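Open the model in your viewer and keep the sequence panel beside it. This tour goes stop by stop: select, look, move on.

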Amino acid sequence: MMTTAYSSEERDLLTMGAEEENHILGRLCEKFMMALQGSLEDLYKFSVLDYGVFVVMLFLSAACGIYFGFFKRTTAQQTPESSDDEFGLGGSKTAANAGKGTRITTFGSSTMDEYLLGSRKLKAFPVAMSLVAGYISGVTILGTPSEIYNFGTQYWLIVIPILLMGIAVCTVYLPVFCSLKLNSSYEYLELRFNSSVRSIASITFVMDELFFLPMIIYVPSLAFNQVTGFNLYIIGAVVCIVCVFYTLLGGIKAVVFTDAWQVLVMFISVVIVVVLGTISIAGPDVIWDRAVQGNRIDFFNFNPSMYERQTFWAVLIGGFFYWTSFNSVNQTMVQRYMSLPNLKKARLSIGMFTIGIAIFVSVCCYAGLLIYAYYYQCDPMSMGLVKTDDQLFPHYVMEIVGHLRGIPGLFIAGVFGAALSSLSVVLNSTSAVLLEDILKGLFRVKPSPFVANIFVRVCVVVLGMAAMGCLFIIEKLGGILSVATSLSAIAAGTTCGMFTLGMLVPWSNSKGAIIGGVSGALLSGWVSLGSQFASANGEIVPHKLPVSVESCPSDLLSNSTIVNPIYPDESGVFPLYRLSYHWITPIGVVTVMIIGTIVSFITKPRNLKDIDPELISPVIHRFLPQECFANYGTACKDVEQPRTTYGTDATSSKRS
């Protein structure tokens with residue numbers, strides 16, 4: 001279906017010659033672009049107050065780094081000898097003790113334990129807010145409403161997998177990490193399997209984060225550019241510098257407490273926009289009625305096809321695997337779990353995080369319905385008012401509350417608060433992995449406390465520079481955003497599968513973990529990257545729900561305004577490439593589990609009587625032989641000696 005509006009000039013084209021047609025067409029295009037440009041200039045006006053709100057957000061973020069780096073750090077005399085015993089679960093203390101009583105630098109945290117883990121004395125609520133802030137990036141705030149706008153409310157059911165994820169993390173994975181008291185989650189893989197498995201997982205994590213870093217900054221910078229016209233590279237570089245500054249100085253304390261207030265800015269900014277938008281449109285009833293008329297309300301699409309983008313089964317099953325993969329074993333999350341003093345506090349923090357993230361995602365989903373209700377008869381994408389889906393929400397904000405000084409600035413500050421939170425978490429956790437898993441684990445280097453301190457801070461700076469560098473080239477790389485997103489799903493599914501294999505399948509061995517991990521990465525990578533290339537070639541196009549331009553100003557319509565595009569026939573595309581993106585993570589996890597279990601059986605399964613039950617999830621303990629419980633804690637007792645009974649092929653240490 002094509003909707004057009006013809007002026008008298010356009011009707012005259014039917015009776016004119018080619019030369020006259022070209023002349024009139026040129027005048028029409030010029031008229032259209034002038035009208036469009038004038039409309040955008042009237043709409044996008046950032047006031048001094050808006051800029052002020054944004055600058056205050058950056059200033060407070062930098063101030064947190066200074067505060068925790070210079071005024072709130074633990075001194076040598078203040079460091080309690082019992083700080084590492086607060087879990088009460090045993091485990092190695094080598095790394096923590098290495099820095100006790102020694103002030104390593106004249107700025108920042110006194111020890112690596114304080115810099116990376118906050119001396120394991122942080123509070124549950126700030127950590128929970130940090131988890132929310134770290135997980136919600138600008139992609140979430142801008143992408144979730146556009147998903148609802150374009151594909152309906154089926155995705156809203158993601159709150160159910162989120163709640164189930166919280167239960168799974170608290171019962172299956174968290175008790176193991178808390179018992180072992182690890183600096184890096186990937187240390188577990190060496191204790192359970194061998195150093196090769198640990199190296200594979202940690203390198204995968206680092207590569208994944210390197211691809212993800214520029215995305216964190218690019219998307220909100222694009223939104224800022226949309227509402228102000230300000231150069232997105234300059235603003236992205238400024239924000240990146242601020243983030244590196246406070247992460248470098250304050251460590252995880254600055255990250256957590258900055259995240260805590262930034263998440264409040266995020267939530268308040270989105271809620272204010274949603275409330276004002278709801279009032280302007282005459283209430284939720286109007287929003288619901290227009291969404292029903294536009295076929296946006298759909299919570300129970302039980303279509304069993306795995307090709308459809310959003311179905312009940314895809315959202316629940318795929319969503320559970322996706323959220324659990326990222327929140328159960330990923331270093332960005334585990335590092336903050338480990339900053340809490342005990343398992344009880346960690347579970348409390350995850351509970352608050354789960355509820356908080358479910359509420360926040362629900363608000364973003366409601367925002368999608370709100371945006372549709374406002375544009376239900378004049379789609380801004382069809383008009384050319386926005387170029388990408390991520391610009392839809394900022395465009396709506398400027399159109400609805402742009403005249404209220406300070407509100408657009410608060411919204412953009414919230415979007416960038418999400419970016420800062422995600423970026424600081426990645427910088428802090430990736431530097432920890434580079435130290436614990438790459439330098440110490442892979443290369444077997446044992447740096448002094450001073451060298452370790454310098455190494456971690458250099459990593460933060462280098463990673464920040466890499467994010468800035470990629471920011472200047474990312475727009476020129478075409479499909480890099482979608483490829484990076486796919487790689488994140490591949491890494492998450494494969495890594496989670498390896499951890500799950502170790503914790504839930506006691507007889508699995510290192511060969512099973514390696515072959516299973518490689519198989520999971522190859523299969524999920526084949527599906528994910530194949531679908532991306534098919535999409536880039538136009539063979540696969542997401543089937544968006546219909547939109548309308550019925551009430552759009554006639555001077556903004558043109559002959560090329562296509563409301564309901566014709567989608568290509570996808571029947572000839574390779575079936576795996578047509579799968580919904582929800583199934584990529586489950587494919588990775590399940591493949592690792594199945595292949596890893598089979599290979600372990602074939603290559604001599606582990607002797608359950610010799611295994612350390614501390615390495616196995618408590619939900620499996622009832623199925624273990626009683627003899628193995630005599631080995632409880634032995635995997636970490638003598639960290640300097642080879643643990644041949646645990647299948648490791650080299651000496652390793654839980655703390656080098």
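Which residues touch the most other members of the largest nonpolar core? Select Ile141, Phe177, Tyr188 and Phe393: of the 161 residues in that core, these touch the most other members. Helix H11 (residues 232–280) gives the most to this core, with 21 residues. A nonpolar core here is a set of buried Ala, Val, Leu, Ile, Met, Phe, Trp, Tyr and Cys residues joined through side-chain atoms within 4.5 Å. Buried means under 20% relative accessible area, exposed over 50%, and partly exposed in between (1.4 Å probe, protein chains only).

Some ground rules. This is a predicted model, where local features need pLDDT of at least 70, side-chain atom pairs count only at pLDDT 80 or more, and totals for chains, interfaces and linings use all residues. Residues are numbered from 1 along each chain as its sequence is written, and side-chain values use heavy atoms, with hydrogens and water left out.

**Whole chain**

Zoom out. The protein chain has 22 helices and zero strands. Both are DSSP runs, numbered from the N terminus: helices are H or I with at least four residues, strands E with at least two. Of the 656 residues in the protein chain, 58% are buried. Take the contacts (heavy atoms within 4.5 Å) between residues at least 6 apart in sequence: 83% join residues at least 24 apart.

**Phe393**

Center on Phe393. Setting aside neighbours within four places in sequence, Phe393 is in contact with Ile141, Leu142, Pro145, Val273, Ala367, Ile371 and Phe411.

**H8 against H15**

Select residues 159–180 (H8) and 343–374 (H15). These helices pack at an angle of about 160 degrees, their axes 10 Å apart. Axes are lines fitted to C-alpha atoms, for helices over the stretch in contact, and angles run from 0 to 180 degrees between N-to-C directions. H8 and H15 are therefore roughly antiparallel. The cut-offs: under 35 degrees is roughly parallel, over 145 roughly antiparallel, 65 to 115 roughly perpendicular, and the rest oblique. H8 passes H15 in a right-handed crossing. A crossing is right-handed if the near helix is turned clockwise from the far one by less than a right angle, left-handed if anticlockwise.

Show side chains. On H8, the residues in contact include Ile162, Met165 and Leu174; on H15, they include Ile350, Phe353 and Val361. The residues of the contact of H8 with H15 divide into 16 nonpolar, four polar and one charged. Nonpolar covers Ala, Val, Leu, Ile, Met, Phe, Trp, Tyr, Cys and Pro; charged covers Asp, Glu, Lys and Arg; the others, Gly among them, are polar.

**H11 against H18**

The crossing of H11 past H18 is left-handed. By class, this contact has 23 nonpolar, nine polar and one charged residues.

Select Gly229, in the loop between H10 (195–228) and H11. Gly229 is exposed, at 57% relative accessible area.

Next, the backbone. Most residues other than glycine have a negative phi. Ser119 has a positive one, near 60 degrees. Find Ser119 in the loop between H5 (112–117) and H6 (124–135). Is Ser119 buried or exposed? At 7% relative accessibility, Ser119 counts as buried.

Finish at Asn295, where phi is also positive, about 60 degrees. Asn295 lies in the loop between H12 (284–293) and H13 (312–328). At 53% relative accessibility, Asn295 counts as exposed.
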